[in-house]
Amino acid sequence: MLATNEAPDLASVIRSLELAPYYNAQIVERGITEPRAARHQTPERRLREPLMDKLREAGLGDFYAHQASAIDLAMAGNDVVVTSGTSSGKTLCYNAPVIDRLLSEPAARALYLFPTKALAQDQLGKLRSLLPTGITAETYDGDTPISRRTAIRSSAHVILTNPDMLHVGILPNHATWARFFRNLRFVVLDEMHTYSGAFGSHVGNIMRRLSRICAHYSSSPQFIACSATIANADELFSILTSRRAEVVADDASPSGKRYLLMWNPPLTDDGSRRSSNSETSQLLASLAARNVRTLAFARSRMAAELVLRYTRESLRMVDPDLAEQIESYRAGYTAKERRAIEAKLFKGELLGLSATDALELGVDIGLLDAVVMNGFPGSISSLRQQAGRAGRGTRDGLAILVARNDPLEQYLMRHPELILGGKAEAVRANPANSSILTQHLLCAAHERPIAPSELDSFPENAIEILEQLEEERKLMRRSGFWFYPFPKSPAPGIDIRGEGGDLYQLETAEGTLGTMERWRAFMNAHPGAVYLHRGDQYFVREIEFASRKIRVVPVEVDYYTQSIAETQVLTTSQIDEITLGNWSVSLDNLHVTTDVTGFRRKSLADGAVLSIEDLDLPQSSFDTVGVHFQLPSRYAQLQDGVHAIEHLLLALAPTIAHCEPRDLASAYYGLLPGTTAPAIFIFDSVAGGIGLSEALFASVGDWVQRVTEQLASCKCYDGCPACILSTRCPYSNEGVDKSQALAILQQLGGGS
């Protein structure tokens, strides 16, 4: 059975799920958004007729009100940021003014930046369909053949690329791009909300380097940005570009009826909850069997692969042909594999897809009826982006949030109003991060010598860092300018995704299977690991550190592997301190060392731990900022309770800092070295910090109150994954005690 374009009756689909044999009151709350009609408006500024002809051919001649507003603002010369929902026509907000300018000024150029190559490729086709004769657009990224690059630089009116290529390929070689920069009139930042954390901090500095090079060539392009709905679109635009923009936030696009189900897996006989991977695969199989085209989002590559495997196994017992209409999609696949999967989606050959958030962005994958989110995506903004992939336009859509059995997601299940009525969060980035800024000042100095007068758009600490680099002889100063004294650009050595350095290649006897970052390789592809790729299993035989090769062989085993990492934390200086009851809480500069010490073999059937193995891998370390809880010495007798509180503080921190769980990490000490008292550290997982710990420190009272509420309200007796047990615990949740944790929290206001 192939997918059809006929829209299913989603109310009936939901009823069928409630009547399924596996249904056990998993729907704890449901939200319904009624259909919304479009509001149209004609731009006050007249677009040139060749463009209007193309728009009418594409069925885009009637503008939504927010499109008309954005077009008018951009054509008046303003920087603009558009923030609206999925499938609201944001791309027209920049394509229309850009193409109109190219018609009036044939020498003009535009630079479009997308967070991924796949998105740039997807948008290229849409852009070309609107281009009048004589105007050309090309992608320029790591996949562009070297033989074509010179022609693209010299002739393309619009270049579509990503921040990575701008950073490592274009800016360091700006002399070969002189004509392009001299005529650059527009810079477009699409999917601006993705530029958060370390990645956003890097991109903010890349944008400053770009503006500096443009000034060198006497150009000052306009910036147009598009974003999902976030709380601080104007602030984030300023953080990324050091400029101010006019904000267009009134989404006037139409919408079909939207259903959002909050789905909590049922309790099992031992008091735990059924795995969210199993629950998601059951839903994906059920929806596919009903001819409901479904995308299942996973929080990790491993989860995406497990859901694919479980779903296919389930469907093979019903209809083997149906099982082959389920695929997976994630980073790490080869470009050829990704294109083949995308082609199947476009042709309607797939009914289900298990994917990571690589497909959260606006890549057009055709008509989808449902989205299943295997775990909270980390923010309300991301949840709405993922849910918005179903029922695009006026088509109805179903989204199901499947909770994992951890404190954060069980807290949200008990407080569904935080999801159903919650506001989109602010997106945080920090270009002033000293570690990140240092790297980009070196790049800027290589691109051309830096004068103090050029630093107005850079963070205030730029001068201090330049002087430090001069002292360290990494820069030289002559006639008031800072020079980079080495011939090769430092850009290739800088990981702007903030994901841990060099890429490692996974190699089979037949060739390259895929790639992964160093930190991910140590966590997921260490010797002895079982690596999952499109539902197939591979055993990792060895890692060759010098060549960055990971040797794998195909296997069929009934287990998967999970790494164990230990973290040591040292305070280097204190930034601020407060007293919370009988605790001392400080905001500290920290030095963090992480060591992957071993891994667990876990049953594919039920997740039970089969064995634990040791590993000997290189350590990694970085400096960051964190919150340091210093407990009274008498709690040294309650170390298992301290450990349990550490788990909960980390689990609920994202509800305070409005960030993704992976942006934070933690450590605890039963006795902090050099003291007689326990300590807990919650810290930014990005070198230098990105401001999350500062937000936690500012709301520490509310944070601890939520931890106390979560622990007290959990009905388990001695601790469960919904309260004190953590999948991130390097000690396999040994040495945690719920009653001790409750006693500590209840005594918080008492004397020491």
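## Exercises on a predicted protein chain

The protein chain has 24 helices and 27 strands, where helices (H or I, at least four residues) and strands (E, at least two) are DSSP runs numbered from the N terminus. This is a predicted model, in which local features need pLDDT of at least 70, side-chain atom pairs count only at pLDDT 80 or more, and totals for chains, interfaces and linings use all residues. Residues are numbered from 1 along each chain as its sequence is written, and side-chain values use heavy atoms, with hydrogens and water left out.

**Exercise 1.** Work out how the radius of gyration of the protein chain fits the value for a compact globule.

*Solution.* The radius is taken over C-alpha atoms, and the globule rule is 2.2 Å times the number of residues to the power 0.38. For 752 residues the rule gives a radius near 27 Å, and the protein chain agrees with this because its own value is 26 Å.

**Exercise 2.** Find which residues of helix H19 (residues 462-471) are buried, and where they lie around the axis.

*Solution.* Begin with the cut-offs: buried means under 20% relative accessible area, exposed over 50%, and partly exposed in between (1.4 Å probe, protein chains only). The buried residues of H19 are Ala462, Ile465, Leu466 and Leu469. They cover an arc of only 100 degrees around the axis, so they lie on the same side of H19; the arc is that of the directions from the helix axis to the C-beta atoms. On the face turned away from this buried side, H19 carries the exposed residues Glu464 and Glu471.
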